[in-house]
Amino acid sequence: MTKVYPKSVVPLPPLFPSDRPRLVTQSSTVLTVWKKSLLFSCDGFTVFDTTGNLVFRLDNYANANKAEIVLMDASGHSLHTIRRKRLTLTDSWLIYDGETTVNPRFSVTKHVNFLNSKSLAHVSFTGSGSGSGSPRINGNKKNVAYEIEGSYTQRSCVVYDDKRRRVAEIKRKEAVAGVAFGGDVFRLVVQPEIDSSVAMALVVLLDQMFGGSSSSRRFAT
């Protein structure tokens, strides 16, 4: 059976010296994302590093009555809690550190301007200095963190920071021994300028926003 994780491409440090890891090397970090939970009859994500070690996991899609998702490390410790914003006309989510649901770190809003079809979502820092409305990379909003462009359904996305640097990319996984992978297995390439767990949280949100009825509507309540 063909392995879903890649052969060694970029050496990584030992996993998680702290509760919220920064998987950072001098070059990019390459992760393989498998849209499948490790738990039986439960949707989610499983993420491997370049040597096949488990890095991130997401197993709580079965909680369909809660607009809440928890991204965990390999040991099951919570890295980020992701919650849908309530009482808003836009498809917006908040990203928290750990299991807390106070003082969110980021706000993520689905892009709805059809004149700019490349843009998928805006990510802004939260806090007392945050402005209202959707953040813009080329606007006057000082709380802009990232902008995501591309096509999630085609597994071809780029995450730009406020300086328009490519800090993360979603790419289709190349065929191995002539065996092509479907959309459920893809690569996440992360640069040192962004935390790998944050990049994976953005992948989870893209799946919620653009992944189809099986995922994006699961937390509509």
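Me: How many aromatic pairs does the count come to?

Reply: The count comes to three aromatic pairs. The rule: rings of Phe, Tyr and Trp (its six-membered ring) pair if their centres lie within 6.5 Å; planes under 30 degrees apart are stacked, over 60 edge-to-face, and the rest tilted. One of the pairs is Phe106 with Phe125, tilted, at 5.4 Å centre to centre and 35° between the planes. This is a predicted model, where local features need pLDDT of at least 70 and side-chain atom pairs count only at pLDDT 80 or more, while totals for chains, interfaces and linings use all residues. Residues are numbered from 1 along each chain as its sequence is written, and side-chain values use heavy atoms, with hydrogens and water left out.

Me: Which parts does the pair of Phe106 and Phe125 tie together?

Reply: Strands are DSSP runs (E, at least two residues), numbered from the N terminus. Phe106 lies in strand β7 (residues 106-110) and Phe125 in strand β8 (residues 119-125), so the pair ties together parts 19 residues apart in sequence.

Me: Is Phe106 buried or exposed?

Reply: Buried means under 20% relative accessible area, exposed over 50%, and partly exposed in between (1.4 Å probe, protein chains only). Phe106 is buried, at 2% relative accessibility. Phe125 is partly exposed, at 39%.

Me: Why is the pair of Phe106 and Tyr146 tilted?

Reply: Read the angle between the planes. For Phe106 and Tyr146 that angle is 45°, with ring centres 6.0 Å apart, so the pair is tilted. Ring pairs link Phe106, Phe125 and Tyr146 into a cluster.

Me: Which residue lies over the face of Phe210?

Reply: A charge sits over a ring if NZ of Lys or CZ of Arg is within 6 Å of the ring centre and within 35 degrees of the ring normal. Lys110 lies over the face of Phe210, at 4.8 Å from the ring centre. Arg155 lies over the face of Tyr152, at 4.2 Å from the ring centre.

Me: Why is strand β3 largely enclosed?

Reply: Check burial along the strand. In β3 (residues 54-58), five of the five residues are buried, so the rest of the structure largely encloses it.

Me: How many bridges join strand β2 to β3?

Reply: Two strands pair if DSSP finds at least two bridges between them. Four bridges join β2 (residues 45-48) to β3, running antiparallel. Val47 has Phe56 as its bridge partner in β3. β2 and β3 form a hairpin with five residues between them, and Gly52 in the turn has a positive phi of about 90°. Two bridges join β3 to strand β4 (residues 68-73), also antiparallel. Arg57 stands opposite Met72 in β4.
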